[in-house]
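These are my notebook entries on one chain, written while I looked things up in it. I begin with a bond and then go through loops, helices and the chain as a whole.

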Amino acid sequence: MSVPTRFVLPQAELPTHWYNVLADVPKPLPPPLHPGTKQPIQPADMAAIFPENLVAQEMTTERWVEIPEPVREIYTLWRPTPLLRAVRLEKALQTPAHIYYKYEGGSPAGSHKPNTAVAQAYYNKQAGTKRLATETGAGQWGSSLALACKLFGIECCVYMVKVSYHQKPYRKLMMQTWDATVYPSPSDHTEYGRKLLQADPDCPGSLGIAISEAIEDTVKTPDTKYALGSVLNHVCLHQTVIGQEAIRQMELAGEDPDIIIGCVGGGSNFAGVAFPFVRKKITEKKPYRIIAVEPAVCASLTKGELRYDFGDTAQTTPLLWMHTLGHDFIPPKIHAGGLRYHGMAPTVSHVHDLGLCEAVAYPQSKVFEAAILFARTEGIVPAPEPSHAIRCAIDEAVKAREEGKTKVILFNLCGHGMLDLASYDAYLGGKLVDE
């Protein structure tokens with residue numbers, strides 16, 4: 001008799017609320033500080049770049065935040081997403097471990113990012129915003145916001161990190177298909193971008209730089225607000241539909257995971273899958289191992305400092321309590337562009353600091369080795385970002401084999417790699433190197 005491999009929830013079981021981990025952590029998260037006064041920031045201080053309704057979400061400690069019906073309606077285009085068991089990968093590894101993955105690549109944009117893009121566009125529309133400015137690394141977030149803005153009738157402007165702008169041209173074309181304006185960052189469209197280009201015309205860019213450009217654009221352009229694809233509390237909040245669905249689907253599978261894994265750059269997809277399990281770890285004393293996986297060359301959790309730092313290189317954002325490599329850090333040109341960020345979401349940093357999760361880091365050659373094995377066994381070509389989680393899942397499954405233990409492993413496959421094939425070409429051609 002074959003092993004069930006696909007667990008799908010009916011749309012009636014789509015989550016009705018987002019989960020806020022700040023309601024359950026045993027110690028409060030240190031507040032963001034005003035960049036000028038260094039005092040705890042007030043809601044009015046954030047009104048220049050965010051609408052009031054999202055500022056309220058950013059600062060709330062309520063456990064459950066209701067998902068507006070128009071947002072849930074759009075979610076049904078791709079949610080609930082499937083949970084799958086990787087039996088062919090298990091067989092290839094000859095492991096007794098059971099490996100499950102939550103697949104977020106079926107959204108219109110091909111990743112988990114629309115979970116928050118749709119929500120942010122909705123709240124901005126309710127607030128009367130006419131235009132949104134944002135940054136994007138590999139392009140998953142930029143394309144997701146472009147789609148969401150089009151659905152709600154909002155203009156969209158995206159500053160895309162220059163190295164990814166050239167590495168992943170089809171992400172840019174996807175954004176333009178959804179009517180967004182896209183600039184390579186650093187760009188000549190902002191004062192800060194022009195300053196950086198004058199100092200270094202070949203600057204590859206970074207998420208910190210792109211954030212600075214998007215914020216400058218926001219404050220200088222009428223009827224414009226800023227949208228962020230990761231890091232902030234309300235962004236991580238919106239992603240928790242992933243973990244809530246996964247808990248229910250693991251029940252359908254008749255198992256409870258021993259290990260939950262997600263890749264981390266800014267932290268949103270990891271938070272999405274992990275935080276609902278963190279709640280069970282806190283409130284039900286579940287002995288989960290929850291693992292955040294990051295690139296070795298941009299490893300804020302494993303190599304950075306936990307302190308206040310700016311979210312952007314121009315030092316215009318509030319100071320956030322987070323693991324950071326320094327706001328002026330320019331990561332190497334790895335292909336996992338969505339993970340090239342100097343800091344970590346404050347909520348993820350806090351959960352890590354409290355010992356509720358752990359972190360590991362891998363070089364990109366080992367990551368692509370795992371991605372190829374996954375593609376050749378499970379059929380899905382994964383994006384470079386979640387391939388970090390795949391690497392960790394494989395290593396844990398091999399460890400289970402060596403120990404002779406049946407472990408249940410769950411990881412978040414937060415996007416497909418069909419627009420990242422140039423990265424695979426570099427790996428298969430022997431041109432991909434570890435910085």
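**Entry 1: two cis prolines.** I looked up Pro-186 and found it in the loop between strand S8 (181-185) and helix H8 (191-199). Helices (H or I, at least four residues) and strands (E, at least two) are DSSP runs, numbered from the N terminus. The peptide bond that joins Ser-185 to Pro-186 is cis, and its omega is near 10°. I then turned to Pro-80, which sits in the loop between helix H2 (69-75) and strand S4 (83-85). The bond from Arg-79 to Pro-80 is cis as well, with omega near -5°.

**Entry 2: what I am working with.** The model is predicted, so I note that local features need pLDDT of at least 70 and side-chain atom pairs count only at pLDDT 80 or more, while totals for chains, interfaces and linings use all residues. Residues are numbered from 1 along each chain as its sequence is written, and side-chain values use heavy atoms, with hydrogens and water left out.

**Entry 3: positive phi.** Val-231 is not a glycine, yet its phi is positive, about 75°. I placed Val-231 in the loop between strand S9 (224-226) and helix H10 (233-238). Is Val-231 buried or exposed? Val-231 counts as buried because its relative accessible area is 5%. The cut-offs are under 20% relative accessible area for buried, over 50% for exposed and partly exposed in between (1.4 Å probe, protein chains only).

Lys-285 is another residue other than glycine with a positive phi, near 60°. Lys-285 lies in the loop between H12 and strand S11 (289-295). With a relative accessible area of 67%, Lys-285 is exposed.

**Entry 4: helix H14.** I counted cover on helix H14 (residues 346-353) and found it mostly covered, with 7 of its 8 residues buried. The buried residues are Pro-346, Thr-347, Val-348, Ser-349, His-350, Val-351 and His-352. Which elements cover them? The cover includes H10, H12, helix H13 (300-303) and the strands S12 (305-310), S13 (319-324) and S14 (358-362). After H14 comes Gly-355, with a positive phi near 80°.

**Entry 5: Asn-269.** Asn-269 belongs to helix H12 (residues 268-283). Asn-269 counts as buried because its relative accessibility is 6%. Leaving out residues up to four places away in sequence, Asn-269 touches His-112, Cys-263, Asn-412 and Cys-414. Contact here means heavy atoms within 4.5 Å.

Entry 6: Thr-129 is in the loop between helix H4 (114-126) and strand S6 (131-136). At 7% relative accessibility, Thr-129 is buried. Residues up to four places away aside, Thr-129 touches Asn-124, Ile-154, Asp-223 and Lys-225.

Ile-380 is in the loop between helix H15 (364-378) and helix H16 (384-403). Its relative accessibility is 18%, so Ile-380 also counts as buried. I set aside neighbours within four places in sequence and listed what Ile-380 is in contact with: Tyr-101, Tyr-103, Phe-374, Ala-375 and Leu-413. I also looked up Thr-60, which is 320 residues from Ile-380 along the chain. The C-alpha atoms of the two are separated by 38 Å.

**Entry 7: H5 against H7.** How do helix H5 (residues 140-152) and helix H7 (residues 169-177) pack? Their angle is about 10°, and their axes are 8 Å apart. H5 is therefore roughly parallel to H7. Axes are lines fitted to C-alpha atoms, for helices over the stretch in contact, and angles run from 0 to 180 degrees between N-to-C directions. Under 35 degrees counts as roughly parallel, over 145 as roughly antiparallel, 65 to 115 as roughly perpendicular and the rest as oblique.

From H5, Gln-140, Gly-142, Ser-143 and Ala-146 meet Arg-171, Met-174 and Met-175 of H7.

**Entry 8: the whole chain.** I noted 17 helices and 15 strands in the chain. Of the 435 residues, 63% are buried. Among contacts with a separation of 6 or more, 76% join residues 24 or more positions apart. The C-alpha atoms fill a box of roughly 65 × 50 × 40 Å, taken along the principal axes.
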